[in-house]
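Open the model in your viewer and keep the selection tool at hand.

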Amino acid sequence: MADAVVARHLTRRFGDFVAVDDVSFQVAGGEIFGFLGPNGAGKTTTIRMLTGLLAPSAGEAMVAGRDVAHASDEVRGQIGYMSQLFSLYGDLTVSENIRLFGSLYGLTGDRLAERRAWVLEMAHLVGRERVMTRELPLGWKQRLALGCAILHEPPILFLDEPTSGVDPASRRRFWDMIDGLAEAGTTVLVSTHYMEEAEYCHRLALMNRGRLIALDRPARLRASVTEPIFEIVTDDPALAVAALRGAPGVLEVGMYGRAVHVTTTPADAAASLTDTLTAAGRRVERLRTVEPSLEDVFVALVQREGGAVVG
């Protein structure tokens, strides 16, 4: 399919600070394209430039075949945008929010009534039309915000950390809706810091310090890590990480849930890892090799690029 979004050398500076640094990529129609990165990586700034909310300092963005810088009004008619704050008005009712967004998108009469009914059904808000939006549980606000963003059935949807603060069950239901939209042909660009969500994307753009450090399908990103990775369960993971950091043969080490993941140069490093931890007074409860996760890939690439922004 034709590219729905094209970024060429996008750059954004705020004084001396470079928030996005020479970023280029293409997104095909119907693709779920994810931005993954730590806070301060440039994900939100990139989305804001693609949606016309922020002018780039250099480079260009094409969305739905239109230059965002010169046809921003046309572009806005072709996109939906949902921010991590959900873009809703808490002092309006559910129904009033839907009518407001419908009017912004030029929906009236039977068409607005049809789309309003769809949003209420999709968001499980039938019978709650008069509830003040600020009183809704977070998961319901999330679904309402998504419905308002796609009232006009845009071919391209931008989601900026749309599941931040939402419980895991609501996140899973939300992604089921995203999958459905993509299967129907909607192009979705989504930023996230949840590794499990990144797996749902067709392709991932890994960002750090404003730069694009990797771009590929999740499976290919995982396959790019060829060094052995060991999972270690110990009596004190934090102290185990401190003991292993800088040890001979250790490339990367970090917490992974309640375990520790260690990337090493030699494949037979298990004995030396055990010896290092034992010498540091740590008890090794389990040690095994594991397949690399997206988190392993992400940590390794970020560290190789100078680490994440602190603060």
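This is a predicted model. Start by selecting Tyr-200. Its relative accessible area is 27%, so Tyr-200 counts as partly exposed. At 1% relative accessibility, Trp-175 is buried, because the cut-off for buried is under 20%.

Show both rings. Trp-175 and Tyr-200 form an aromatic pair. The geometry is tilted: the centres are 5.2 Å apart and the planes make an angle of 55 degrees. Colour by element to see what the pair joins. Trp-175 sits in helix 6 (residues 168-183). Tyr-200 lies in the loop between helix 7 (195-198) and strand 9. The two residues are 25 residues apart, and their pair links distant parts of the chain.

**Other rings**

How many aromatic pairs does a search of the whole structure find? There are five aromatic pairs. For another of them, select Phe-33 and Phe-35. This aromatic pair is edge-to-face, at 5.4 Å centre to centre with 75 degrees between the planes. The label follows because planes over 60 degrees apart count as edge-to-face. Phe-25, Phe-33 and Phe-35 make up one aromatic cluster.

**The sheet**

Keep Phe-33 selected and switch to a cartoon. Phe-33 stands opposite Arg-203 in strand 9. Select strand 3 (residues 32-36) together with strand 9 (residues 203-208). These two strands pair in the parallel sense, over four bridges.

**The largest pocket**

Rolling a probe the size of a water molecule over the atoms shows where empty space is left. The largest pocket has a volume of about 410 Å³. Of its 17 lining residues, select the closest to the centre: Tyr-81, Ser-87, Phe-101, Leu-104 and Tyr-105. Which elements give two or more residues to this lining? They are strand 6, helix 3 (94-104) and helix 5 (138-149). Strand 6 gives the most, with four residues. Colour the lining by class: 13 residues are nonpolar, three are polar and one is charged.

**The second largest pocket**

Move on to the second largest pocket, with a volume of about 280 Å³. It is lined by 18 residues. Select the closest to its centre: Glu-252, Val-253, Gly-254, His-261 and Val-299. Strand 12 (250-256), strand 13 (259-264) and helix 11 (294-304) each supply at least two residues of the lining. Which element has the largest share? Strand 12 does, with seven residues. By class, this lining has nine nonpolar, five polar and four charged residues.

Technical notes: Residues numbered from 1 in each chain as written. Predicted model: local features only at pLDDT ≥ 70, side-chain atom pairs only at ≥ 80, totals over all residues. Heavy atoms only, no water. Pairing = 2+ DSSP bridges. 1 Å grid on protein atoms, 1.4 Å probe; cavity = no way out; pocket = protein on both sides within 12 Å on 5 of 7 lines; lining within 4 Å. Points joined across faces, edges and corners; volume = space filled by probe spheres on them. Nonpolar A, V, L, I, M, F, W, Y, C, P; charged D, E, K, R; others polar. Phe/Tyr/Trp six-rings, centres within 6.5 Å; stacked < 30°, edge-to-face > 60°. Buried < 20%, exposed > 50% of the residue type's maximum accessible area, 1.4 Å probe, protein only.
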